[in-house]
Amino acid sequence: MSATTDLLHEARARGFIHQATEEEALRARLAAGPVTGYIGFDATADSLHVGSLVQIMLLRLMQRTGNRPIVLMGGGTTKVGDPSFRDEARPLLDDARIEANKAGIRKVFDSFLRFGDGPTDALMVDNAEWLDRLLYIPFLRDIGRHFSVNRMLGMESVKLRLDREQNLTFLEFNYMLLQAYDFLELSRRYGVVLQAGGSDQWGNIIMGADLIRRIDAKEAFGLTTPLITTASGAKMGKTAQGAVWLDAAKVSPYDYWQFWRNTEDADVGRFLGLFTELPMEEVARLAALRGAEVNEAKKVLATAATTLLHGSDAASQAAETARRTFEEGVAAETLPTHLVALPAGVVDILVAAKFVASKGEARRLIAQGGVRLNDVAVTDPAASVTPADLRDDSAKLSLGRKRHLLVRPA
């Protein structure tokens, strides 16, 4: 088996594939030589979060198996907004905001992919390059005539909005045409034969592959990744404190490490396959651990995932910080730090540090005994951190057993 055909084998084994078009034909195409595949990312924020990590890791797998990945930035499609499985339209962003978001997202991919001019080096391209130049009437005549409104109305993402009697704008309705046109344009410019995306993109991907076959009579394939939810049913990458961003300025390496360390027991094996590059034999061994031993597998997951994003030094430092904090009971210097003028209310600090979403939530946690100052339970919601609480110029504020913050005077 060649390195390139390993793409499907590895993707299937590691849990990346939800659906695939003509999988045997794609396998044969991979056996004939490397392919170029792409995944699109709209610039709706200045970073990506863990919810996008499955697609990022799939692009990395393409590169590791000798194929060429393309990151398609949605500089053009962001101006329209993807309506897929959304209850309402996305807010429209201006050009300056979109450009700033694209710059932030690019930094995420620098951690995962090798960019360059080599045959397997990744490319990053922007669909604004061709979408912004489209002439409306020629586009309708050349592209629009290949799309059936009946079929578009039957797509699950559209039916969901209509069945709920929620507004779907004509602007959003055009999104699937633009995404299909992206696939066609990338096929012509870079020889792309494969588009991947989340499971909510299945209908759009199929339309793009059909468009290529109809207009250019070329082969085109698609596959989707599964929607990742935790064993308890929660959406992957969402916490009580908000999204787990892939940007150290938004989520520190320590907090990122802790996110993976806190994985539910039932998810450890699946997440090791998806979010690390450990051999599957080792994944199976770690997934089989039970009882207290599963915590060691969680630490392996946390360190491997953090290494991919932030580097081995940051991952090792986060692991050591956690060890010292939980095993030795000390306030390690690399814990997240919040500077504040003292005295300051514990509730206010927790909100300002984004450990909780609201003051009400902070007060409830205090009433439940879930907040500690220097390892002593805080019982009064009006309690403050004062200069007298400082130990070596900092105080440790803890939320539960696994989240800690160093409070220092501003």
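Reply: Here is a run of questions and answers about this model. It is a predicted model, where local features need pLDDT of at least 70, side-chain atom pairs count only at pLDDT 80 or more, and totals for chains, interfaces and linings use all residues. Residues are numbered from 1 along each chain as its sequence is written, and side-chain values use heavy atoms, with hydrogens and water left out.

Me: How many helices and strands are there in the protein chain?

Reply: The protein chain has 18 helices and 15 strands. Both are DSSP runs numbered from the N terminus: helices are H or I with at least four residues, strands are E with at least two.

Me: What makes the protein chain as compact as a globular protein of that length?

Reply: Its radius of gyration is 24 Å, close to the 22 Å that the globule rule gives for 410 residues, so the chain counts as that compact. The radius is taken over C-alpha atoms, and the rule is 2.2 Å times the number of residues to the power 0.38. Along its principal axes, the C-alpha trace spans about 75 × 50 × 40 Å.

Me: Why is strand β3 called largely enclosed?

Reply: Seven of the seven residues of β3 (residues 68-74) are buried, so the rest of the structure largely encloses it. Buried means under 20% relative accessible area, exposed means over 50%, and partly exposed is in between (1.4 Å probe, protein chains only). Arg 68, Ile 70, Leu 72 and Gly 74 point one way, Pro 69, Val 71 and Met 73 the other, and all are buried. For the whole protein chain, 49% of the 410 residues count as buried.

Me: How do you know which strands pair with β3?

Reply: Two strands pair if DSSP finds at least two bridges between them. Strand β2 (residues 36-42) is joined to β3 by seven bridges, and the two run parallel; Gly 37 has Pro 69 as its bridge partner in β3. Four bridges link β3 to strand β4 (residues 123-126), again parallel, and there Met 73 has Asp 126 as its partner.

Me: Why is Met 124 called partly exposed?

Reply: Met 124, found in strand β4, has 23% relative accessibility, so it counts as partly exposed. Met 124 touches Val 71, Met 73, Arg 106, Phe 109 and Phe 115, leaving aside residues up to four places away in sequence. A touch here is a contact, meaning heavy atoms within 4.5 Å. Met 124 and Met 73 are 51 residues apart in sequence, yet 7.0 Å apart in space, C-alpha to C-alpha.

Me: How do you know that helix α11 reaches close to its expected span?

Reply: The expected span is 1.5 Å times one less than the number of residues. Helix α11 (residues 202-216) has 15 residues and reaches 21 Å from its first C-alpha to its last, close to the 21 Å expected. Its buried residues, including Ile 205, Met 207 and Leu 211, pack against α7 (149-154), α10 (175-190), β5 (192-198) and β6 (221-225). Just after α11, Ala 217 takes a positive phi of about 55°.

Me: What makes β9 and β12 edge strands?

Reply: Five strands form an open sheet in the order β9-β15-β14-β11-β12, with mixed pairing. β9 (337-340) and β12 (376-377) each have a single partner strand, so one side of each is left without a neighbour in the sheet. For β9, pairing with strand β15 (residues 403-409) is parallel over four bridges, and Val 340 has Pro 409 as its bridge partner in β15.
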